[in-house]
Amino acid sequence: QVQLVESGGGLVQIGGSLRLSCAASGNIFRINDMAWYRQAPGKQRELVACITSGGSTSYGADVKGRFTISREYAKNTVFLVMNSLKPEDTAVYYCNADGKATFVDRTRTYWGQGTQVTVSS
C-alpha cells in the first residue's frame, strides 16, 4: 500500500504564503501523477493543481498565477507553494497520487488525510 502524508497547513493572513508538502511512503513501485485537491465547508472537492510524471503542470482557474506545484521525484514528494492567499482559499487540502504498490498491482488512486489551510480576514 501507498500512504500519503501532508504537512505545512495552518493559519495565515490575507496575502500571506504557505508551503504544503506531501510525501508518499510504503510499498511503492511507481508514482504517476500527483495532485492537490481542496474542499471547503459545504462545497465539493476541487482540483487545485496537478503535476504529471513527466513534469507537466496544470492549475485550477482560481489559483493560477498564485500557486505553484512541484515535485521531488527521488523522494516521491509533491509540494504546493501558495502565495497571495485569499479567504476563499480556506479549505482542507488533500494530496492525491496515482500509482502502483507492486509490479503486478493495478494502478490505484491514493489520498492523504488532509491538512487545514485557513486564511484569516
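Predicted model: local features only at pLDDT ≥ 70, side-chain atom pairs only at ≥ 80, totals over all residues.
Two residues are said to be in contact when heavy atoms of theirs lie within 4.5 Å. Leaving aside neighbours within four places in sequence, Met82 is in contact with Gly16, Ser17, Leu18, Leu20, Arg66, Phe67, Tyr93 and Val117. Met82 belongs to strand S8, which covers residues 77-82. Its relative accessibility is 0%, and residues under 20% count as buried, so Met82 is buried. Asp98 stands 16 residues from Met82 in sequence, and the C-alpha atoms of the two are 23 Å apart in space.

**The chain as a whole**

The chain contains eleven strands and zero helices. Read from the N terminus, its elements therefore run β-β-β-β-β-β-β-β-β-β-β. The radius of gyration is 14 Å, close to the 14 Å that the globule rule gives for 121 residues, so the chain is as compact as a globular protein of that length. The C-alpha trace spans about 50 × 25 × 20 Å along its principal axes.

Of the 121 residues, 41% are buried. Among contacts with a separation of 6 or more, 55% join residues 24 or more positions apart. The chain exposes about 6,400 Å², and carbon and sulfur atoms supply 49% of that area. There are 13 positive and 9 negative side chains, and the centres of these two sets lie 3 Å apart.

**The cysteines**

A disulfide is a covalent bond between the sulfur atoms of two cysteines. How many disulfides does the count give? The count comes to one disulfide. It is formed by Cys22 and Cys95, whose sulfur atoms are 2.0 Å apart. The angle about the S-S bond is -85°, and the link of Cys22 and Cys95 is left-handed. This pair links distant parts of the chain, since Cys22 lies in strand S3 (residues 18-26) and Cys95 in strand S9 (residues 91-100), 73 residues apart. Both Cys22 and Cys95 are buried.

Cys50, by contrast, is in no disulfide. Why is this so? A disulfide requires two cysteine sulfur atoms within 2.5 Å, and the nearest cysteine sulfur to Cys50, that of Cys95, is 11 Å away.

| Pair | Distance |
|---|---|
| Cys22 and Cys95 | 2.0 Å, sulfur to sulfur |
| Cys50 and Cys95 | 11 Å, sulfur to sulfur |
| Met82 and Asp98 | 23 Å, C-alpha to C-alpha |

How values were computed:
Residues numbered from 1 in each chain as written. Heavy atoms only, no water. Helix = DSSP H or I, 4+ residues; strand = E, 2+ residues; numbered from the N terminus. Rg over C-alpha atoms; globule rule 2.2 N^0.38 Å. Buried < 20%, exposed > 50% of the residue type's maximum accessible area, 1.4 Å probe, protein only. Areas by Shrake-Rupley, 256 points an atom, 1.4 Å probe, with all protein chains shown as cover. Lys, Arg positive; Asp, Glu negative; His and termini not counted. Charge placed at Lys NZ, Arg CZ, Asp CG, Glu CD.
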